[in-house]
Amino acid sequence: MSQLSLNPATSNPKLRADFARTLSDKVQGTIGKPGSEQHERLEAIYQPLMSDGKIDLDKLPEPAQRELRKLQKASEDFEAFFVKGLMSQMRRVKFGEQDSQVTQFAKDIMDDAMASQTARGASSIGIGKTVFLSMGETIVKQAIGQMARQTQSGASAGQPSVTTGEPSR
């Protein structure tokens, strides 16, 4: 069972807090050091996602949030698959008597449950989070690019800016 929590305001599941925090920090790091030209330029682009000086993934458009949730599930499933394979290989080493088929079946079910819990819990080994971060950063940057293009096209057409709400002149 995945650890997606429900947000009562939207009834949409949210990302695991540790995944969201780490991704937000990683994307925040790409903005650059305060005072640099890169920071000033990128901070303006990322402004619609900022909350208290931090990137708030809840402010991403719904399609990007949905992609991040699917990526989280796939990342956790991948880690569970890896852990299950690792545990199965470790069990192949025999130090004594052969297990009966029933015992092997029971151990296999236990390995599945442990692998799933390990991948989705706070004690995960980090493979799922690493996969999530590498691909999640791309999803966030694509969403930011799309938001920036919409802002520019709206501003060039005299529409209110997404970031300021002011019409361009």
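Let me begin with Ile125, which sits in the loop between α4 (101–120) and α5 (127–156), where helices (H or I, at least four residues) and strands (E, at least two) are DSSP runs numbered from the N terminus. This is a predicted model, in which local features need pLDDT of at least 70 and side-chain atom pairs count only at pLDDT 80 or more, while totals for chains, interfaces and linings use all residues. Residues are numbered from 1 along each chain as its sequence is written, and side-chain values use heavy atoms, with hydrogens and water left out.

Ile125 counts as partly exposed because its relative accessibility is 48%, given that buried means under 20% relative accessible area, exposed over 50% and partly exposed in between (1.4 Å probe, protein chains only). Together with Phe82, Leu86 and Met90, Ile125 forms a nonpolar surface patch of about 400 Å² accessible area; patches take residues with over 30% relative accessible area and no salt bridge, joining like charges within 9 Å and nonpolar side chains (Val, Leu, Ile, Met, Phe, Trp, Tyr) within 5 Å. A salt bridge here is a side-chain nitrogen of Lys or Arg within 4 Å of a carboxyl oxygen of Asp or Glu, and areas come from the Shrake-Rupley method with a 1.4 Å probe, where for residues only the protein chains shown count as cover.

Turning to α2 (residues 37–46), His39, Leu42 and Tyr46 are buried. They lie on the same side of α2, because they cover an arc of only 80° around the axis, whereas Glu37 and Ala44, on the other side, are exposed.

Overall, the protein chain has five helices and four strands, and 30% of its 169 residues count as buried.

Definitions and conventions. The arc is that of the directions from the helix axis to the C-beta atoms.
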